Amino acid sequence: MNHPDTPSEMGHPRTYKIIVNGQERTVSTATLSFEEVVSLAFDPVPTGPYVLITVSFRHADQKPAEGTLTAGTSVQIKNRTVFNVTATDKS
């Protein structure tokens with residue numbers, strides 16, 4: 001009989017525990033987009049013509065393991081990947 005080794009092989013989605021602005025979050029995908037990270041950081045997401053959102057990350061499951069995300073980009077994550085998300089008003 002074949003025994004699966006990982007939760008995803010047993011039909012259960014894999015989850016990742018990440019840190020967003022100092023708060024632990026659980027996600028079920030290995031890749032997060034800029035927009036997904038911003039949604040995890042802010043509820044509601046700040047909007048307006050002068051709002052600038054910055055996302056930095058470290059301990060990612062890619063090379064380089066740290067950097068910044070911009071709109072339309074994504075990052076490969078692992079457990080304990082850390083995100084810092086800030087919103088500033090350029091006015």
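What does the accessible surface of the chain come to, and what share belongs to carbon and sulfur atoms? The accessible surface comes to about 6,200 Å², with 50% belonging to carbon and sulfur atoms; areas follow the Shrake-Rupley method with a 1.4 Å probe, and for residues only the protein chains shown count as cover. The model is predicted: local features need pLDDT of at least 70 and side-chain atom pairs count only at pLDDT 80 or more, whereas totals for chains, interfaces and linings use all residues. Residues are numbered from 1 along each chain as its sequence is written, and side-chain values use heavy atoms, with hydrogens and water left out.

**View 1. Overall arrangement of the chain.** Helices (H or I, at least four residues) and strands (E, at least two) are DSSP runs numbered from the N terminus. Of the 91 residues, 24% count as buried, where buried means under 20% relative accessible area, exposed over 50%, and partly exposed in between (1.4 Å probe, protein chains only). Contacts (heavy atoms within 4.5 Å) with a separation of 6 or more come to 55% from residues 24 or more positions apart.

View 2. An open sheet with mixed pairing has the strand order S2-S1-S7-S4-S5; two strands pair if DSSP finds at least two bridges between them. Strand S2 (23–27) and strand S5 (67–69) are the edge strands, each pairing on one side only. From one strand to the next, the twist averages 30°. S1 and S2 are antiparallel over five bridges, and Ile18 stands opposite Arg25 in S2. H1 packs on the sheet, touching S1, S2, S4, S5 and S7, and its direction makes about 100° with that of S4. Axes are lines fitted to C-alpha atoms, for helices over the stretch in contact, and angles run from 0 to 180 degrees between N-to-C directions.

**View 3. The largest nonpolar core.** This core has 18 residues, of which Ile18, Val55, Leu69, Ile77, Phe83 and Val85 touch the most other members. Strand S1 (16–20), helix H1 (34–41), strand S4 (51–58) and strand S7 (82–89) each supply at least two residues, and the largest share, four residues, comes from H1. A nonpolar core is a set of buried Ala, Val, Leu, Ile, Met, Phe, Trp, Tyr and Cys residues joined through side-chain atoms within 4.5 Å. Beyond its neighbours within four places in sequence, Val55 has contacts that include Phe34, Val37, Leu69 and Phe83.

**View 4. The aromatic pair of Phe57 and Phe83.** The chain has one aromatic pair. Phe57 and Phe83 form this tilted pair, at 6.5 Å centre to centre and 50° between the planes. Phe57 lies in strand S4 and Phe83 in strand S7, so the pair ties together parts that are 26 residues apart in sequence. Both Phe57 and Phe83 are buried. Rings of Phe, Tyr and Trp (its six-membered ring) pair if their centres lie within 6.5 Å; planes under 30 degrees apart count as stacked, over 60 as edge-to-face and the rest as tilted.

**View 5. Backbone features in the loops.** The Asp43 to Pro44 peptide bond is cis, with omega near 5°, and Pro44 lies in the loop between H1 and S4. In the loop between S4 and S5 is Pro64, whose peptide bond from Lys63 is cis with omega near 0°. His59 is also placed in the loop between S4 and S5, and its phi is positive, near 65°.
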